[in-house]
Amino acid sequence: MNYKSPNEKRKLIMEHYSKPIMIKNISNVTNSVIHHSNHCVDNVILKINIENKILKEVSHISEGCAIFKSSTDIVLKEIVGKKINEILEWLDIYRNVIENKDLSKIFFLGNAAIFENVSKHYNRLHCAEMIDVAFRKIL
């Protein structure tokens, strides 16, 4: 979904910041990673369960700013249930959108499309791209 209203974007960001939905127990953790920002206090612990090359479960414990925590939660919600190769393609699209390089496939991102203008503020771009970096590290 491409949100036109800044208020809709703000509301979704604050919902995922204050009440993240991708924080849960995972029945079978197949890999995990801790990723810290080099620029601020943002950090995340990711835990995943991959079965037959499909992301079955994912969870995070994160601390940091609203853009970081909400983008982490929203991105994970969008990619859970996908095959690993689909996730990598999705993350490429996400990165191109948040860096404002290519918006032609923004509709693939679902709610993560709300970060389309994050590159206007370089420090926020780093916050929104941390989940991409952390997830690629876990694979």
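The model is predicted. Across the protein the mean pLDDT is 94, and 97% of residues reach 70 or more. Three strands form an open antiparallel sheet, and helix H2 packs on that sheet. H2 also packs with H4 and with H3.

**The sheet**

- The strand order is E1-E2-E3, with antiparallel pairing.
- E1 (31–36) and E3 (54–63) are the edge strands; each has a single partner, so one side of each lacks a neighbour in the sheet.
- From one strand to the next, the twist averages 15°.
- Helix H2 (residues 66–79) touches E2 and E3, and its direction makes about 170° with that of E3.

**Strand pairs and hairpins**

- Six bridges pair E1 with E2 (residues 43–51) in the antiparallel sense.
- Within this pair, Val33 has Leu46 of E2 as its bridge partner.
- Ser32 is partnered by Lys47 of E2.
- The side chains in a regular strand alternate between the two faces of the sheet.
- The hairpin from E1 to E2 runs through six residues.
- E2 and E3 run antiparallel and are joined by nine bridges.
- Ile48 lies opposite Val58 of E3.
- The hairpin of E2 and E3 has two residues between the strands, and Asn52 there takes a positive phi near 50°.

**H2 against H4**

- The axes of H2 and H4 are 8 Å apart, and the helices pack at an angle of about 40°.
- The two helices are therefore oblique to each other.
- Their crossing is right-handed.
- H2 contributes Ile67, Phe68, Ser71, Thr72, Val75, Leu76 and Ile79 to the contact.
- H4 contributes Arg124, Cys127, Ala128, Met130, Ile131 and Phe135.
- By class, the residues of this H2–H4 contact are 10 nonpolar, two polar and one charged.

**H2 against H3**

- H2 and H3 pack at about 140°, with axes 11 Å apart.
- That angle makes H2 oblique to H3.
- H2 passes H3 in a right-handed crossing.
- Ser71, Val75, Glu78 and Ile79 of H2 meet Ile87, Trp90, Leu91 and Tyr94 of H3.
- The contact of H2 with H3 has six nonpolar residues, one polar and one charged.

**H3 against H4**

- The axes of H3 (residues 84–98) and H4 (residues 122–138) come within 11 Å and cross at roughly 165°.
- H3 and H4 are therefore roughly antiparallel, since angles over 145 degrees count as such.
- The crossing of H3 and H4 is left-handed.
- From H3, the contact uses Ile87, Leu88, Leu91, Asp92, Tyr94, Arg95 and Ile98.
- From H4, the contact uses Leu125, Ala128, Glu129, Ile131, Asp132, Val133, Phe135 and Arg136.
- The residues of the H3–H4 contact divide into 10 nonpolar, no polar and five charged.

Technical notes
Residues numbered from 1 in each chain as written. Predicted model: local features only at pLDDT ≥ 70, side-chain atom pairs only at ≥ 80, totals over all residues. Heavy atoms only, no water. Axes fitted to C-alpha atoms, helices over the stretch in contact; angles between N-to-C directions. Helix = DSSP H or I, 4+ residues; strand = E, 2+ residues; numbered from the N terminus. Parallel < 35°, antiparallel > 145°, perpendicular 65-115°, else oblique. Left-handed = near helix turned anticlockwise from the far one by under 90°. Contact = heavy atoms within 4.5 Å. Nonpolar A, V, L, I, M, F, W, Y, C, P; charged D, E, K, R; others polar. Pairing = 2+ DSSP bridges. pLDDT = per-residue confidence, 0-100.
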